[in-house]
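Good morning, everyone, and thank you for making time for this.

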Amino acid sequence: LMSKVLLNIDARGVATATVNRPEIGNAYDEEMLGQLANGLDQLAGNAAVRALVIRGAGKNFLAGADVSWLRRAAGYGPREAYAASIATTRTMARLNEFPKPTIAIVHGACFGGGCGLVCAVDVALATPAASFGLTEVRVGVAPTPISTHMVHAMGLRQTRRYAITGERFDAAEAQRIGLVHEVVPADAIEARLDAVLDAIFLSAPGAITVTKHSLLGATGEILDERQIALLAHESWMQRATAEGQEGLAAFAEKRKPSWYRPRP
């Protein structure tokens, strides 16, 4: 059975986590989230690791949550439904608070929780052809597990627009609103990554950890258990509504949801 997250550490101490479900755009389910969370825990405690790079296998970075998993989760009882939402909320918080520098290399589709993941890293580089969207509302669910990270990355002004409309946007707009730091041609992005990593290796690892923790703490971006629980609760409650079930069904059946009102 193929692992849904591939982990690698090179001789220099650069860890790479590659989300690995290319056949469905690396969409995540509970199992992938669990593997990512476990990987983050292992890497956080490994003194040899100086930085973490996150990539997507195949043509896309991360096309959000696996809708077939969300559909199953929409029918769960409260306890299981909450567990599904807490998996997302905790994993994103763990990535956000990861004690070493984190870098995302974004190409292809980056939707929903994929954008959440980008919001939770220290440096985000994208190729010009990457496409983005906070698309949860389109399928009747709410991006509450990543709401704090989105607002801190993009500001309330931009987040409220894109999380409410679900509009798609390109890499240039992602850079303008602060979701990604730089847009780099595909054939130059590895060299740009090397330059960012070189900057990190010039920086003291302990000082980086203290600095990151201080910045997150100063802005309320270190989530306590109660905050995590509340975000997860908001998520499963909306997914379990008739609206959530209709939206996820409409997506799976490739049709417009019942709430859509076409132009007259």
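Let me start with Arg192, which is partly exposed at 30% relative accessibility, where partly exposed lies between buried, under 20% relative accessible area, and exposed, over 50%, using a 1.4 Å probe and protein chains only. What we are looking at is a predicted model, in which local features need pLDDT of at least 70 and side-chain atom pairs count only at pLDDT 80 or more, while totals for chains, interfaces and linings use all residues. Residues are numbered from 1 along each chain as its sequence is written, and side-chain values use heavy atoms, with hydrogens and water left out.

Side chains of opposite charge can pair when their charged atoms come close. A salt bridge here is a side-chain nitrogen of Lys or Arg within 4 Å of a carboxyl oxygen of Asp or Glu, and by this rule there are 14 salt bridges.

Arg192 meets Glu182 in one of them, at 2.6 Å from N to O. This pair links distant parts of the chain, with Glu182 in strand E9 (residues 182–183) and Arg192 in helix H7 (residues 189–201), 10 residues apart; helices (H or I, at least four residues) and strands (E, at least two) are DSSP runs, numbered from the N terminus. Glu182 is partly exposed as well, at 24%.

Asp41 and Arg94 also form a salt bridge, their closest N and O atoms being 3.1 Å apart. That pair joins helix H1 to helix H3, across 53 residues.

Finally, Lys4, Arg21, Asp29, Glu31 and Asp66 are linked in a network of salt bridges.
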